[in-house]
Amino acid sequence: MDGEELTEQETALYDRQIRVWGADAQRRLSKSHILVCGMKGTVAEFCKNIVLAGVGSVTLVDDRIVTDESLSANFLILPHENHYNGKTLAEVCCDSLKEFNHMVHVAVETGDISTFGVEFFEKFDAVIISCCSLGKKKLINQKCRKLSKRVAFYTVECRGSCGEMFVDLLDYKYSKKKLEETIECQIEYPSFEEAISVPWRALPRRVSKLYFAMRVIEQFEDVEGRNPGETTIADLPGVLKLRKELCETNVQY
């Protein structure tokens, strides 16, 4: 899989999707290396999909120990009694993902991702972050932006039936066809910190109210030193107080 062309085995395995997006796209996919931090719900589904699609490698980071609660939010964890004693989410998910596609290299990296040096992220083409604090998201995004190569950065957060995703592709260039003409286009993406720092009054009216709710909860957890998802009904007075403060701050001219 390290060669420039797809092997006969790869071509046979990925035949149906090659018919959809072509051999060149499949070749580039098979040479891509993805870093994923935070194994839960949506991210587990994402990992399953890219492994089945034939990405080059997936590296998982999540040192949290598997619990009964983990089983309800991650289909990669099979409910075997006493089977996961002491194992981390990354380790268990790694074992499951390997079964989906033996041609994809799936590995585990241990440690706090916020302590990893900038050079660590240079090994990857895309970094996906979930279940992380506000400060950690900003820090990882900053490290990706310092690299000489373009490393795509994504954050994914789900809270109950609601969720959001942030994408930073830095300086992204692409082409599109208009009739018989090919037009070269370019998009300059803001950093995560720049995006969430935009005053609310400056945002278009079509922005969902969910966006503002996510910012309030996110900042409340950051101020209280909580991990994502650790807010309970007992915190409602504090959350409403912060919401009022943020609303007042963001509507001032």
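How many of the 253 residues of the chain count as buried? The share is 37%, where buried means under 20% relative accessible area, exposed over 50% and partly exposed in between, with a 1.4 Å probe and protein chains only.

This is a predicted model, so local features need pLDDT of at least 70 and side-chain atom pairs count only at pLDDT 80 or more, while totals for chains, interfaces and linings use all residues. Residues are numbered from 1 along each chain as its sequence is written, and side-chain values use heavy atoms, with hydrogens and water left out.

## Overall build

The chain has ten helices and eight strands. These elements are DSSP runs numbered from the N terminus: helices are H or I with at least four residues, strands are E with at least two. The C-alpha trace spans about 60 × 60 × 35 Å along its principal axes. Contact means heavy atoms within 4.5 Å. Among contacts between residues at least 6 apart in sequence, 59% join residues at least 24 apart.

Helix α3 covers residues 41-53, 13 residues in total. From its first C-alpha to its last it reaches 19 Å, close to the 18 Å expected at 1.5 Å a residue. That expected span is 1.5 Å times one less than the number of residues.

Which residues of α3 are buried? They are Val-43, Ala-44, Cys-47, Lys-48, Ile-50, Val-51 and Ala-53. The cover over these buried residues includes helices α2 (15-30) and α5 (89-100). It also includes strands β1 (33-37), β2 (57-61), β3 (105-108) and β4 (126-130). Just after α3, Gly-54 takes a positive phi of about 95°.

Ile-50 sits in helix α3. Ile-50 counts as buried because its relative accessibility is 14%. Leaving out residues up to four places away in sequence, Ile-50 touches Ile-34, Val-55 and Val-58. Ile-34 is 16 residues from Ile-50 along the chain, and their C-alpha atoms are separated by 9.2 Å.

## Asn-74 in its loop

Asn-74 lies in the loop between α4 (68-71) and α5. Why does Asn-74 count as buried? Its relative accessibility is 3%, so Asn-74 counts as buried.

The side chain of Asn-74 makes polar contacts, meaning pairs of N or O atoms within 3.5 Å; within protein, one atom must be able to donate a hydrogen and the other to accept it, and residues adjacent in sequence count only if both atoms are side-chain atoms. One runs to the backbone oxygen of Met-39, at 3.5 Å. In another, a polar atom of the Asn-74 side chain lies 2.9 Å from the backbone nitrogen of Leu-76. Not counting residues up to four places away in sequence, Asn-74 touches Met-39, Lys-40, Ala-44 and Cys-93.

## Pockets and the cavity

The search uses a 1 Å grid over the protein atoms alone. A cavity is a set of points where a 1.4 Å probe fits but cannot get out. A pocket is an open set with protein on both sides within 12 Å along at least five of seven lines. Lining residues have an atom within 4 Å of a point. Grid points are joined across faces, edges and corners, and a volume is the space filled by probe spheres set on the points.

In the class counts, Ala, Val, Leu, Ile, Met, Phe, Trp, Tyr, Cys and Pro are nonpolar; Asp, Glu, Lys and Arg are charged; the others, Gly among them, are polar.

| Space | Volume | Lining by class |
|---|---|---|
| Largest pocket | about 980 Å³ | 15 nonpolar, 14 polar, twelve charged residues |
| Second largest pocket | about 800 Å³ | 17 nonpolar, three polar, four charged residues |
| Largest cavity | about 40 Å³ | three nonpolar, one polar, six charged residues |

The largest pocket is lined by 41 residues. Lys-40, Arg-64, Cys-131, Asn-227 and Pro-228 lie nearest its centre. Helices α3, α4 and α9 and strand β5 (152-159) each supply at least two lining residues. Strand β5 gives the most, with four.

The second largest pocket has a volume of about 800 Å³. Of the 24 residues that line it, Leu-29, Ser-32, Ile-34, Ala-126 and Tyr-154 are the closest to its centre. Here α2, α3, β4 and β5 each supply at least two residues of the lining.

The whole structure holds one cavity of 30 Å³ or more. Its lining includes Cys-132, Lys-137, Arg-159, Glu-218 and Pro-228. Helices α7 (134-145) and α9 (209-224) each supply at least two lining residues. The largest share, three residues, comes from α9.
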